[in-house]
Amino acid sequence: MANKYDNLCIAVTGLNANDNPGPGMAVIRSLKEYFGDSLRIVGLSYESLEPGIYLRDYVNKTYQVPYPTEGTAALLERLTYINQRENLDLIIPNFDSELFNFIKTAPQLQQMGIATYLPTQQQLALRDKVHLKDFGTKHGFYVPADHKLYTADDLQKAAADFGFPMVIKGKFYEAYVVYTMDQALKAFHQLNATWGVPVIAQQYIKGNEINIAALGNGKGDNISLVAMRKLYITDKGKAWAGVTIKDDKLTQLAGNFALATNWKGGYEMEIMSTAEGHLYILEVNPRFPAWIYLTAAAGQNQPAALTKMALGEVVEPYTDYQAGKLFVRYSWDHIADIADFQQISAMGEL
Amino acid sequence: MKLKSNIATSDNGFIFNPSTGDSFSGNEMAAQLLSAMKSNKTEAEIKQDILNRYDVSENQLDRDWDNWMLQLKEANLLEI
């Protein structure tokens, strides 16, 4: 039976389904499951070996887009070209580092008939790693103490205050738990080279790592919320296996965050639950996490709900999900032809 | 002492706490005890049932029961 969502065309970034995966493929899987085979997925990639480019059962066509550092004009020009060929209904960006540009260009995209469902620049800044401690203090959240590091010398003060271990984090991505000053210096230089300053030194909090995937409606409420306890963590700190859990304290925490920020769009809270029962917010990521398909598996398909909201539908908040749903990530050698690699590398589309 | 109402148990002794994600594997006796506790039997009823079915002294059973309660408490599976 035909419905208003037949033949939707949605563009998605974050096709890097590697050992530090972007959320794109999980978002696409969720969307395909809900909207069915008539859904057309346009992948937006940055590099030629992002696995999603070659997963043609999930991604109908991929276009390379300019790196965020090239600015909004370059992005808009490229998206205009893509839209002329694809007639996009919606774009779901999935990288922290590209959000600034997508938020800035959202009004122009809207004029082109392309919907987005994104936080404001102000909301984006509130939960920035650099501002998270101040945000927590203002709104009564537990957030580990931190130091902003602009030079390697700043590590001395952080080490004096926090001792070891402590956590050294990049401005956008990556974090290392370090146990000695040598390790701290190495982490600082590596993260500075990759993401620039400030690098953040954060107090180490011991406990169970819990993540919350949520979808805010921009009016102070969460439409959906699913919590997951990490069961297996990679050396990059990523969940390789996890299980859905339900706890009123987690629901309340995410509810308070949505209320404090009026968050619009998907987000992920990284929580450390201590033996004393405190829930420390380690990070708030301003987009869906790579494990977002677990929300669909547990009964709350957040990417599908975001899509409907972005297209103007009023979506009632989900009230329940299944605890005890387990995900186990795996690696898979996907086979493609070198001609495909040549095509995306040379022509920027496949 | 009551088992938390949301604790999920299976016939083979597997225990899952949906609030924390903790899971535990118990033996056959653990499975029987959990099943009895979930059906709201009292401590006295459960102990009497064990005394009727197994060759165990009352003193030994009391010590084992205290140990069982301690394990459940440490695993955060009991109502506070």
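**Exercise 1.** Determine how many salt bridges the rule finds across the interface of chain B and chain A, and describe the contact around them.

*Solution.* Step 1. A salt bridge is defined as a side-chain nitrogen of Lys or Arg within 4 Å of a carboxyl oxygen of Asp or Glu. By this rule, one salt bridge spans the interface of chain B and chain A. In it, the side chain of Asp22(B) meets that of Arg229(A), with 2.7 Å from N to O.

The model is predicted, so local features need pLDDT of at least 70 and side-chain atom pairs count only at pLDDT 80 or more, whereas totals for chains, interfaces and linings use all residues. Residues are numbered from 1 along each chain as its sequence is written, chains are lettered from A and ligands numbered from 1 in the order in which they are written, and side-chain values use heavy atoms, with hydrogens and water left out.

Step 1. With contact taken as heavy atoms within 4.5 Å, chain B contributes six residues and chain A nine residues.

Step 2. Buried area is the accessible area (1.4 Å probe) that two parts lose on being put together, summed over both. For chain B and chain A this comes to about 520 Å², with 48% of it on carbon and sulfur atoms. On the side of chain B, the most area is lost by Phe16(B), Pro18(B) and Ser19(B), together 60% of what that side buries.

**Exercise 2.** Find which residues of α1(A) meet which residues of α10(A).

*Solution.* Step 1. Helices are DSSP runs (H or I, at least four residues), numbered from the N terminus. Here α1 covers residues 24–35 of chain A and α10 residues 302–310 of chain A.

Step 1. Val27(A), Ser30(A), Leu31(A), Tyr34(A) and Phe35(A) of α1(A) are in contact with Pro303(A), Ala304(A), Thr307(A) and Lys308(A) of α10(A).

Notes. Axes are lines fitted to C-alpha atoms, for helices over the stretch in contact, and angles run from 0 to 180 degrees between N-to-C directions. Helices (H or I, at least four residues) and strands (E, at least two) are DSSP runs, numbered from the N terminus.
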